[in-house]
Amino acid sequence: MSHATTAPHESHDHAHYPGGILRWLTTTNHKDIGTMYLLFALIMFFVGGAMILAVRVELFQPGLQLMQPELFNQLIGVHALVMIFAALMPAATGFANWQIPLMIGAPDMALPRINNLGFWLLPPAALLLTLPFVLALFGVGDGAVATGWTLYAPLSVQGGLGVDFAIFSIHILGISSILGSINVIVTIFNLRAPGMTMMKLPVFAWGWLITAFLLIATIPVLAGAVTMLLTDRHFGTHFFNAAGGGDPILFQHLFWFFGHPEVYILLLPLWGLIPHVLATFSRKPIYGYRAQVYSFIAIGLLSVIVWAHHFFTAGLPVPALLYFMYSTMSISLPLAVLFFCWIATMWKGSMSFETPMLFAQGFIVLFGIAGLTGLVLADVAADAQYHHSYFVVAHFHYALFAGGIMGVMTGVYYWLPKWTGYMIDEKLGKLHFWLTIISFNLTFMPQFFVGLAGMPRRIPDYALQFAEFNAISTVGALILGFSQLLFAYNIWKCAKGAEYGLPKAEGRAWEGGESLEWELPSPPPHHSWETPPVIK
Amino acid sequence: MAHTNAGSHDTHYFVPQPSIYPFILSGGLFVLAFGFILQMNKFGLGPWLMLAGFGTILFVLYNWFGKVIHESQSGAYRDWEDKSFRYGMIWFIASEVAFFAAFFGALFYVRNISVPDLLTMLPRHDFTLYPEFKDLMWPQSGQGPKAPAFTPMGAWGIPALNTALLLTSGATITWAHWALLKNNRAQLNLGLFCTIALGVVFLGFQAYEYHHAYSELGLTMGAGVYGATFFMLTGFHGFHVTLGAIMLMVIYGRSLKGHFTSERHFAFEGVAWYWHFVDVVWLGLFIFVYWL
């Protein structure tokens, strides 16, 4: 009762900030919240990575050595959910929080308390996702969700306690994403510095803006789908049960209506970030700004009308197959525009190859492979063979590790000097880059081959003929996984730059940096752009 | 760096003080979800955890909104912040539209694809998956072997009346808004009161209709996919009407206290937009669930 009126002394002009842990629990500052998002993403990256290393070790040779199929199924599904929802998406939101206000000259995100809520919903959601593993140890339930991240009915209707936990975890993650998206949209629409028209907006902000629209359009559909799943499980409905007039394929439609745009949700913020990095280290302006913005919009629109290419083999009518094939392939046009612009940005530039630039280059090459193999999968006839094989696994890891995680690493190395005030350890960064890119290809390139040879995904055991490639893949995965400790160490080192004697970063930490964040000191003051800059 | 912001002379954007409420709210949501999972799977603690979680959420909402109202009344928000709230509310409603789209999508899918497919399987194939499916018109066709016989809900009784009620409530809230713009407080309060009353009567009718469906029509959530789509769509709509009515009551209370001016009344408009949104969803429901 009295709470509503206890704060009259709090004028918004003289702030008092709680210290210690309370600072982080209560913060309304976009930099604090961005830091929390990024650290949470890093922690969950290792959690999800540890899960899949266990899976890869099991797959080192045929037969079951390390775990039973039940645990295997749980690990692959939770690995995917953790990496997508608890690592990649929070990392991108961390970038948005830190960078969008700095880059558009805004004093903060538009709705700071909502922003804090968006972050603090993540730890409970991650807890819900992983708690069933722990509960199973105490004899409660049969472990985490074991359906794969796609939660296909009827398996998920029949699944155990873990499915319920996953459903509510997805609900809470969804609320978090929607709050974050609303914040991004409002910030970009309403808090741009005077003179910054939409067509002067940094490409990064454009990428995030389209992402935010996609999230608002599709996350609620996923929420609806898992709600129907919940009522099918516990309240007697027949949405996904043919015995009651429903259809399991309906779940696939609903899931992938979210799931395909989700790929672009994960990637668009990074496609927005890459041009900045390329321009900075080529010492040239971004090439084809308008073309890139229009491509983002085109990709955003196309991404919500192509979903059924994820289940070509489910028994769709032929006209639907053709429609989804052609619409899917048409995405390659705006994507090709992006690739062209990225390369043209570097063309005849005074290029230098600091760590973020290396990661950006790796991103372009490997993400190119993801795009080309995606075209192969979009072909209905070819997909009949490749569907549910390791070819698909390899394809989407080229998209989501090389395109997603390496994009995040590009951004982290690029902006760490801005955030911490110290330059990164280049030697360590380059070592991390080379270890990552070599072991990544060692891990996933063989999976294209076993996939083409017919090895199905999501199976803990396999035929003897796939043994060599799987062994190579597991060795690669172990190197890849443990190399990431270098990444964590490098971030730690940069954050404690003074103790490690790293050079201080200037405001314009990279000499070619042109966007607004480089006008501020490194690190920027707690409240930046309280007086907005004027653009031109 | 110049000191002018395009459009308004205030260059200082209101960034609120640190707040513990978001953190507590997320804790409350966790406890509520955890309790619900335990409850559905018949573990003991479920209801108590749900109660605790729900109580926590109510506590936070009361205080958080209280703080926002206090900030608003003390003049912390000006044109710049006001615009943020408007954008925020618009995109929040957009996400709600997408949520309902999932259930409408499911309805269209089962009516146009899965139920007709199940029916065409019947006589023409050697193997019949579900011979119990009868070649009937929707909605009985969505009955299936597992569901008991039921009578679908007619459109022209209570549902038509409910349509009239909600449309009228959309008109009364607009009438209240006009009053607010003209600073006519009596008409504002009356308009809000009528809107709330219409909303509550609507909910009463919905409750009666559910009772009627379960006790007399045999129409349950398990009554084939028709029952599933019927109750999920009308249920989530009813839930949103309930939320809207609570929001209206808060606005009504504030209006009685003399809050809102003809220039500055985002909260009123936000709630009005939300109310129109549930209104439009209802029209979709009336046409596609009850009528056609």
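## A tour of chains A and B

Start with helices α13(A) and α16(A), which are roughly parallel to each other, because angles under 35 degrees count as roughly parallel, over 145 as roughly antiparallel, 65 to 115 as roughly perpendicular and the rest as oblique. This is a predicted model, in which local features need pLDDT of at least 70, side-chain atom pairs count only at pLDDT 80 or more, and totals for chains, interfaces and linings use all residues. Residues are numbered from 1 along each chain as its sequence is written, while chains are lettered from A and ligands numbered from 1 in the order in which they are written.

**The helix pair.** Select residues 355-378 of chain A for α13(A); its axis and that of α16(A) come within 9 Å and cross at roughly 15°. Axes here are lines fitted to C-alpha atoms, for helices over the stretch in contact, and angles run from 0 to 180 degrees between N-to-C directions. Helices (H or I, at least four residues) and strands (E, at least two) are DSSP runs, numbered from the N terminus.

Now show the contact residues: Thr355(A), Leu358(A), Phe359(A) and Gly362(A) in α13(A) meet Glu426(A), Gly429(A), Lys430(A), Phe433(A) and Ile437(A) in α16(A). Contact requires C-beta atoms, placed from the backbone, to lie within 7 Å. By class, this contact has 4 nonpolar, 3 polar and 2 charged residues. Ala, Val, Leu, Ile, Met, Phe, Trp, Tyr, Cys and Pro count as nonpolar, Asp, Glu, Lys and Arg as charged, and the others, Gly among them, as polar.

**Two residues of chain A.** Next pick Lys427(A), in helix α16 (residues 426-452) of chain A. Is Lys427(A) buried or exposed? Lys427(A) counts as exposed, because it has 10 C-beta neighbours inside 10 Å; the cut-offs are 20 or more other C-beta atoms within 10 Å for buried, 12 or fewer for exposed, and partly exposed in between, with C-beta atoms placed from the backbone.

Move to Phe296(A), in helix α10 (residues 289-303) of chain A. Phe296(A) is buried, because 24 other C-beta atoms lie within 10 Å. Not counting residues up to four places away in sequence, Phe296(A) touches Trp206(A), Gly207(A), Ile210(A) and Leu268(A).

**Where the chains meet.** Finally, colour the contact between the chains, which takes 65 residues from chain B and 68 residues from chain A. On the chain B side, the elements giving two or more residues are α1 (21-40), α2 (46-73), α3 (79-124) and α6 (224-256). Of these, α3(B) gives the most, with 20 residues.

Note on methods: Contact = placed C-beta atoms within 7 Å.
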